[in-house]
Amino acid sequence: EMDGEMTCTVVLQNLHNSISNSNGGTEVSILQPPWLVPRPSKHIKPTLKVIVHRARGLQNSSILGSVLPSINAYVKVRTSQSSHKTDVVKMKSCPIWEEADNNVARLVVQPKEDKFLKLQIYDQNRIKNICLSTVYVPLALVESRKNDELVHVTMPCLMKRGNNSYGSVTLSLSMNDPKKEWLDAELRERNKRDQGETTKRKRVTDSFISTSAMCDAITPDITCAIGEEEADLFSEWYRQWCSCW
């Protein structure tokens, strides 16, 4: 069972890397100071919001192998930094946690360590709570989204004590990363700055073109009055004088 869990971890690690690479790297690495928006502290970590909606097809069996008719189900979700446990939904094989009060978790995420969310479904028992299934959800599904944008996921669940049958669990995920919010604000301010500089350069260019046209217009008259060499000197002086305004 441990080998299977480790294999699942490796597969999902590769999936996470594949999704991350397909979405490209963050723009933080190519931005250089000075910053136009104050940068958040490095100690502020992203927060993962998890909403557990429902599960279907849960199965548990007795020591003799017979399928138990009812399940007292609850869910544990965890990252490397924090964990959360939902309320118990009693006597149902298809529990709905939306009807409970404790189905929303807010977990701290360590970006360099947490590549997936670990979710476990349990059957509460008087003697010992039994883990029915373990599911790994790649966090790359929400890392590429906007802050607080919900992603709805239904994951298959292999029942450990259900004769290799599958159930499913439905949940919603969203990530709030202060650094991502700062990056969006920084890029907006830089775009405004660049647009302002472009507009300023355009005004200067238009002014220069207008000045050149005026110089070209008066040069023939000056040439006739004072000669070609003096007219060139006058035109150059006039261009420099106009550029000062």
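This is a predicted model: local features need pLDDT of at least 70, side-chain atom pairs count only at pLDDT 80 or more; totals for chains, interfaces and linings use all residues.
**The nonpolar cores**

The largest nonpolar core holds 32 residues, and of these Leu-48, Val-50 and Leu-117 touch the most other members. Two or more residues of this core come from each of the following elements: strand E1 (47-56), strand E2 (73-78), strand E4 (104-108), strand E5 (116-123), strand E6 (130-138), strand E7 (151-158) and strand E8 (166-176). Apart from this core lies another one, which has 5 residues, including Leu-31, Val-37, Trp-182 and Leu-183. In soluble globular proteins, nonpolar side chains tend to be buried together.

Which residues does Val-50 touch, if those up to four places away in sequence are not counted? The list is made up of Val-77, Asn-103, Val-104, Ala-105, Leu-107, Leu-117, Leu-171, Ser-172 and Leu-173. Among these partners is Leu-117, which, like Val-50 itself, is one of the residues that touch the most other members of the core.

**Salt bridges**

| Residue with N | Residue with O | Distance, N to O |
|---|---|---|
| Arg-145 | Glu-149 | 3.4 Å |
| Lys-192 | Glu-189 | 3.7 Å |
| Arg-193 | Asp-194 | 3.5 Å |

In the pair of Arg-145 and Glu-149, Arg-145 is partly exposed, with a relative accessible area of 36%, and Glu-149 is also partly exposed, with a value of 29%.

The residues Lys-192 and Glu-189 both belong to helix H3 (residues 178-226), where they lie 3 residues apart, about one turn of the helix. Lys-192 counts as exposed, because its relative accessibility is 54% and the cut-off for this class is over 50%. Glu-189, in contrast, counts as partly exposed at 31% relative accessibility.

For the salt bridge between Arg-193 and Asp-194, the relative accessible area of Arg-193 is 36%, so that this residue is partly exposed, while Asp-194 counts as partly exposed at 33%.

**A residue in a loop**

Gln-110 has its place in the loop between E4 and E5. Is Gln-110 buried or exposed? Gln-110 counts as buried, because its relative accessibility is 18% and buried means under 20%. When its neighbours within four places in sequence are left aside, Gln-110 is in contact with Lys-45, Ser-80 and Gln-81.

Methods. Residues are numbered from 1 along each chain as its sequence is written. Side-chain values use heavy atoms; hydrogens and water are left out. A nonpolar core is a set of buried Ala, Val, Leu, Ile, Met, Phe, Trp, Tyr and Cys residues joined through side-chain atoms within 4.5 Å. Buried means under 20% relative accessible area, exposed over 50%, partly exposed in between (1.4 Å probe, protein chains only). Helices (H or I, at least four residues) and strands (E, at least two) are DSSP runs, numbered from the N terminus. Contact means heavy atoms within 4.5 Å. A salt bridge is a side-chain nitrogen of Lys or Arg within 4 Å of a carboxyl oxygen of Asp or Glu.
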